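This briefing is meant to be read beside the sequence and the model. It takes the pocket, the core, the aromatic contacts and a few loop residues in turn.

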Amino acid sequence: MRQEWNGLEFYQAFDVFEPSLKDELIADLDDEIEENLGPVPLYQTKHDFHTHERAQHPRWQHVYGTVQNLVEEFYGKKVELQKSWANKITPDSYYFLHTHSFDIAVTYYLQTHKSTYGTYFNYDGKEIIFLGHENSVMAFDGKIPHEIVYPPSNVLKYKPRYSVAFDYNYVNT
């Protein structure tokens, strides 16, 4: 689904993966965060997660292939993955308004309590929150300032928010 806001394009796809995949991906991410936590925000994998051994498993290759196909379908152009990481949002987490230096930023909402805890955008003096439906993908220009919409701490204590981020550049053909 294509949406436009403030002259900018956003794309979303819903019910992207089979529901049985969720628990396996979350278990992988919990293991990755525990074993390879780096100099990044608390409970975030390193930005080269896609190159780690765990990400080479067929379930992750399925995720990476599906997301890339969706992005190429959304934009009508070939893209190449530059970076990828995952976030586990807990009451201890802290993230902030930021941009990416790549053509396309993508968020896969792996686990959310409510869709209202999606992504906040602030561009040209205007603000909007795009809903973050569980098991959905959203793609947008990475240079648009954005940040995570935090669920309340009491929600995060029993159901952390998990998302996977992907940065792509267009392939010059």
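**Largest pocket**

The lining of the largest pocket divides by class into 11 nonpolar, 11 polar and four charged residues. The model is a predicted one, and the pocket in it has a volume of about 410 Å³. The points below give the make-up of this lining and then move on to other parts of the structure.

- The largest pocket is lined by 26 residues, and those that lie nearest its centre are Gln 44, Trp 85, His 98, His 100 and His 146.
- Four strands, namely β3 (79-89), β4 (104-111), β8 (146-148) and β9 (161-170), each supply at least two residues of the lining, and β9 gives the most, with five residues.

**Nonpolar core**

- The largest nonpolar core holds 30 residues, of which Trp 60, Val 67, Val 106 and Phe 166 touch the most other members.
- Two or more residues of this core come from each of β2, α1 (21-36), α2, β3, β4, β7 (136-141) and β9, and the element that gives the most is α2, with eight residues.
- As background, nonpolar side chains in soluble globular proteins tend to be buried together.

**Aromatic contacts**

- Across the whole structure, a search finds 14 aromatic pairs.
- In one of these pairs, the ring centres of Phe 10 and Phe 121 are 4.9 Å apart and the ring planes stand at 70°, which is over the 60 degrees required, so the pair counts as edge-to-face.
- Because Phe 10 belongs to strand β2 (residues 8-13) and Phe 121 to strand β5 (residues 119-123), this pair ties together parts that are 111 residues apart in sequence; both Phe 10 and Phe 121 are buried.
- Tyr 11 and Phe 74 form an aromatic pair that is stacked, with 5.1 Å from centre to centre and 10° between the planes.
- Tyr 11 lies in strand β2 whereas Phe 74 lies in helix α2 (residues 58-75), so that the pair ties together parts that are 63 residues apart in sequence.
- Tyr 11 counts as buried because its relative accessibility is 9%, under the 20% limit, and Phe 74 is likewise buried, with a relative accessible area of 13%.
- Ring pairs also link Trp 5, Phe 10, Phe 121, Phe 130 and Phe 140 into a cluster.
- A contact of another kind involves Lys 77, which lies over the face of Tyr 170 at 4.5 Å from the ring centre.

**Residues in loops**

- Phe 102 is placed in the loop between β3 and β4, and at 13% relative accessibility Phe 102 counts as buried.
- Although Phe 102 and Leu 81 are 21 residues apart along the chain, a distance of 9.7 Å separates their C-alpha atoms.
- Most residues other than glycine have a negative phi, which is the background to the next two points.
- Asp 15, found in the loop between β2 and α1, has a phi near 50°, a positive value in a residue other than glycine, and Asp 15 is exposed, with a relative accessible area of 64%.
- Asn 135, which has its place in the loop between β6 (126-130) and β7, has a positive phi near 65° and is a residue other than glycine; Asn 135 is buried, with a relative accessible area of 13%.

Definitions and conventions: Residues numbered from 1 in each chain as written. Predicted model: local features only at pLDDT ≥ 70, side-chain atom pairs only at ≥ 80, totals over all residues. Heavy atoms only, no water. Phe/Tyr/Trp six-rings, centres within 6.5 Å; stacked < 30°, edge-to-face > 60°. Buried < 20%, exposed > 50% of the residue type's maximum accessible area, 1.4 Å probe, protein only. Lys NZ or Arg CZ within 6 Å of the ring centre and 35° of its normal. 1 Å grid on protein atoms, 1.4 Å probe; cavity = no way out; pocket = protein on both sides within 12 Å on 5 of 7 lines; lining within 4 Å. Points joined across faces, edges and corners; volume = space filled by probe spheres on them. Nonpolar A, V, L, I, M, F, W, Y, C, P; charged D, E, K, R; others polar. Core = buried A, V, L, I, M, F, W, Y, C linked by side-chain atoms within 4.5 Å.
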